[in-house]
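Here are my notes for someone opening this one up for a first look. Have the sequence and the 3D view side by side as you read.

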Amino acid sequence: MIIGRCYTFICQRFVYWGRLAGVSDESYWLTDAYIVYETGPWKDDEWQTCEKLPTDWFIPKVAVDSFGIGKSPSSVKTKDFPAESEDAITHEQLAKIFLGHP
């Protein structure tokens, strides 16, 4: 995961989209966050129906089913984000975050 990159989080009840601002032991911190009510076809570039959340948003890790880089709200351009960053974490670090492995 790269801090500053936009991600889609598919959670137990809702889908969220936003710019990853931080990761703690218990949650993901999103800025420019949206809640997605209707995804529309996954092949489309934009969400069918979504709403910007009024503040930064925190998603508990236990609520996340999956996440990745995908669609975005029509009002947000994400193509200019770098593919790599000094803030990128390794697969080993990601496994530790999710699985608690040393």
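Which residues does Tyr37 touch, not counting residues up to four places away in sequence?

1. Before the answer, some ground rules. This is a predicted model, in which local features need pLDDT of at least 70 and side-chain atom pairs count only at pLDDT 80 or more, while totals for chains, interfaces and linings use all residues. Residues are numbered from 1 along each chain as its sequence is written, and side-chain values use heavy atoms, with hydrogens and water left out.

2. Tyr37 touches Thr49, Cys50 and Glu51; contact here means heavy atoms within 4.5 Å. Tyr37 itself sits in strand E3, residues 27–38 (strands are DSSP runs of at least two residues, labelled E and numbered from the N terminus).

3. Look at Glu51 next. Tyr37 and Glu51 are 14 residues apart in sequence, and their C-alpha atoms are 7.8 Å apart in space. Their side chains make a polar contact at 2.7 Å (a pair of N or O atoms within 3.5 Å, one able to donate a hydrogen and the other to accept it; residues adjacent in sequence count only if both atoms are side-chain atoms).

4. Is Tyr37 buried or exposed, or something in between? Tyr37 counts as partly exposed because its relative accessibility is 46% (buried is under 20%, exposed over 50%, partly exposed in between, with a 1.4 Å probe and protein chains only).

5. Now the inside. The largest nonpolar core has 14 residues (buried Ala, Val, Leu, Ile, Met, Phe, Trp, Tyr and Cys joined through side-chain atoms within 4.5 Å). E3 supplies the largest share of this core, 4 residues.
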